[in-house]
Amino acid sequence: MALLTVSNLSKNYEGNPAVRQVSFSFHPGTCTALIGPNGAGKTTILRTLAGLLKPSKGEISFSGMEKNQDIREHIGYLPQYPSFHGWMTGKEFLVHAGRLARLTKKEAEQRADDLLHKVGIAEAKDKSISKYSGGMKQRLGIAQAIIHKPKLLMLDEPVSSLDPLGRREVLTLMEELKQEMAILFSTHILSDAEEVSDRLLLLKDGVLVEDGTMTELRQKYQTSRISMQIEGDMTGYLHELESIPEVKDCHAEKDSITIICEDVETARRNILLKAAQEDWPVTGFSINQVSLEEMFMKAVKT
Ligand SMILES: Nc1ncnc2c1ncn2[C@@H]1O[C@H](COP(=O)(O)OP(=O)(O)OP(=O)(O)O)[C@@H](O)[C@H]1O
């Protein structure tokens with residue numbers, strides 16, 4: 001059963017559409033990346049789901065939520081530019097957040113200690129936040145966002161402003177947290193989306209243009225290029241390759257043949273079968289996976 005269902009969500013700012021009729025749902029235990037170019041509407045969707053903006057149209061429903069219950073009880077949200085009181089210590093900040101989430105003082109202190117361990121900054125708990133690195137601040141922000149044990153954690157560009165070390169720390173933490181709660185995060189860094197998410201939602205001008213797993217999107221945008229190296233004059237093999245039904249085009253370059261095909265799995269089988277039957281002196285064979293970057297460019301340009 002879906003944890004959260006978004007139906008025909010639209011959001012206008014003073015009449016200008018920022019998000020248009022977006023629908024999706026997601027299940028517990030999944031990590032979803034919301035990707036899209038600047039201004040695509042990622043922050044607007046997250047802020048609307050977090051209850052910070054009112055939708056212009058559409059509905060958001062959370063499974064198990066009772067009438068009049070505040071959606072924020074189920075959702076933890078870390079904005080793109082979180083603000084901290086630099087003079088507070090990490091622990092003071094989390095206890096304060098726990099009290100705002102209606103925990104008793106004792107519960108808030110216990111939860112703060114547990115979370116400081118979980119996000120890996122327990123040793124710095126009594127340091128003032130102004131002395132924290134970017135990665136530590138982001139981990140503290142995540143701890144604050146999950147202080148009330150939400151079922152869904154939403155992170156707006158959680159790693160874009162971090163250096164490689166901070167980025168790695170936060171991605172590793174997200175990998176761990178996704179075992180315990182659903183995560184929805186926005187990013188324009190495609191390799192981060194590829195690394196931690198099971199599913200991608202691709203936005204363009206406020207419209208959801210793709211929704212699928214990496215494998216599904218790869219299949220859809222697959223350009224299926226095979227590179228093959230054969231000893232001797234390779235041009236003699238082109239005609240043979242063209243006789244394979246799945247091969248749409250092939251040409252010989254300096255030291256390899258590039259084969260464009262439709263159904264890469266069948267094409268591979270048939271090419272290798274022919275090569276074996278006719279005893280071609282093959283020295284190399286590789287399939288080039290379409291990169292997320294290529295898929296992204298294709299999807300947002302159409
Ligand atoms: N408070 C606002 N008032 C008016 N227009 C806004 C407001 N916030 C966002 N917009 C507009 O809505 C559109 C979507 O913006 P949004 O910030 O949601 O996109 P985004 O995908 O998060 O972009 P980025 O990657 O740059 O953060 C943009 O055209 C933006 O200019």
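1. Six strands make an open sheet, ordered 5-6-7-3-8-9, with mixed pairing. Strands pair if DSSP finds at least two bridges between them. Strands (E, at least two residues) and helices (H or I, at least four) are DSSP runs numbered from the N terminus. The edge positions go to strand 5 (75-78) and strand 9 (207-213), each pairing on one side only. Neighbouring strands here are turned by 15° against each other on average, direction ignored.

2. A note on the source. This is a predicted model: local features need pLDDT of at least 70, side-chain atom pairs count only at pLDDT 80 or more, and totals for chains, interfaces and linings use all residues. Residues are numbered from 1 along each chain as its sequence is written.

3. Leu153 has Ile183 of strand 7 as its bridge partner. Helix 7 (residues 214-221) lies across strand 8 (199-204) and strand 9, at about 110° to strand 9. Angles run from 0 to 180 degrees between N-to-C directions, with axes fitted to C-alpha atoms, for helices over the stretch in contact.

4. A second open sheet has four strands in the order 11-12-10-13, paired antiparallel. Strand 11 (247-252) and strand 13 (282-288) are at the edges with a single partner strand each, so one side of each has no neighbour in the sheet. Strand 10 (residues 225-230) runs antiparallel to strand 13, with six bridges between them. Ile226 stands opposite Ile287 in strand 13. Helix 9 (residues 264-277) packs on this sheet, touching strand 10, strand 11, strand 12 and strand 13; its direction makes about 175° with that of strand 13.

5. Helix 4 (residues 134-145) and helix 5 (residues 164-177) have axes that come within 8 Å and cross at roughly 25°. The two helices are therefore roughly parallel (angles under 35 degrees). Gly134, Gly135, Gln138, Arg139 and Ile142 of helix 4 meet Leu165, Gly166, Glu169, Val170 and Leu173 of helix 5 (contact: C-beta atoms, placed from the backbone, within 7 Å). By class, this contact has four nonpolar, four polar and two charged residues. Ala, Val, Leu, Ile, Met, Phe, Trp, Tyr, Cys and Pro count as nonpolar, Asp, Glu, Lys and Arg as charged, the others, Gly among them, as polar.

6. The residues around the ligand include Tyr13, Asn38, Lys42, Thr43, Thr44 and His188 (C-beta atom, placed from the backbone, within 6 Å). Helix 1 (residues 42-49) gives the largest share of this shell, three residues. The shell divides into three nonpolar, seven polar and one charged.

Methods
Angles under 35 degrees count as roughly parallel, over 145 as roughly antiparallel, 65 to 115 as roughly perpendicular and the rest as oblique. Two residues are in contact if their C-beta atoms, placed from the backbone, lie within 7 Å.
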